Amino acid sequence: MKFEIFAIDDDKTICLLHKYVINLVYKQEPAIYLDARNALEFFAKQTSDFKALIFLDINMPVMSGWAFLKELEKFDYKERFSVVIVTSSVDIFDKKRADKFACVKGYIEKPLTKVKLTSLKANTDFI
């Protein structure tokens, strides 16, 4: 099934790394958003046949990953989104909080690597 890939992180260097690793594993270049609010506005304009795999940081200015997830849950076609949290947080409470969102399919500690992403892809059904 065809889907678009996105990376949302406020750190430009991290985004470049994500872009490289995601392209290695999925053979598809992700669209990059440095601001979760801008990404959410883009997703809100999509039709119900749109499918997306989103790599999301949780600690960002303007709109946190948590706020992004809460808004995404309000979408009529939220099941079309699969989210992988990619964060520097090692807090077990963040992992438990992420598990409460149906769209969250994975949780990876930064940095995103080919090994971590390949394992996630092999063990998770997206979309």
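Colleague: What makes the radius of gyration of this chain agree with a compact globule?

Modeller: The chain is a predicted model. For 127 residues, a compact globule would come out near 14 Å, and the chain has 13 Å, so the two agree. Along the principal axes, the C-alpha trace spans about 35 × 30 × 25 Å.

Colleague: Why is Cys15 called buried?

Modeller: Buried means under 20% relative accessible area. Cys15 has 4% relative accessibility, so Cys15 counts as buried.

Colleague: And what makes Cys103 buried?

Modeller: The cut-off is again under 20%. Cys103 has a relative accessible area of 10%, so Cys103 is buried. Across the chain, buried residues make up 46% of the 127 residues.

Colleague: How do you know that there are zero disulfides in the whole structure?

Modeller: A disulfide needs a pair of cysteine sulfur atoms within 2.5 Å. A search of the whole structure turns up zero of them. For Cys15, the nearest cysteine sulfur is that of Cys103, 19 Å away, and Cys15 is in no disulfide. Seen from Cys103, the nearest cysteine sulfur is that of Cys15, and Cys103 is in no disulfide either.

Colleague: In what order do the elements of the chain run?

Modeller: From the N terminus on, you read β-α-β-α-β-α-β-α-β-α, with five helices and five strands in the chain. Taking contacts between residues at least 6 apart in sequence, 66% join residues at least 24 apart.

Colleague: How far apart are the mean positions of the positive and negative charges?

Modeller: The chain has 20 positive and 18 negative charges, and their mean positions are 3 Å apart.

How values were computed
Residues numbered from 1 in each chain as written. Predicted model: local features only at pLDDT ≥ 70, side-chain atom pairs only at ≥ 80, totals over all residues. Heavy atoms only, no water. Helix = DSSP H or I, 4+ residues; strand = E, 2+ residues; numbered from the N terminus. Rg over C-alpha atoms; globule rule 2.2 N^0.38 Å. Buried < 20%, exposed > 50% of the residue type's maximum accessible area, 1.4 Å probe, protein only. Contact = heavy atoms within 4.5 Å. Lys, Arg positive; Asp, Glu negative; His and termini not counted. Charge placed at Lys NZ, Arg CZ, Asp CG, Glu CD.
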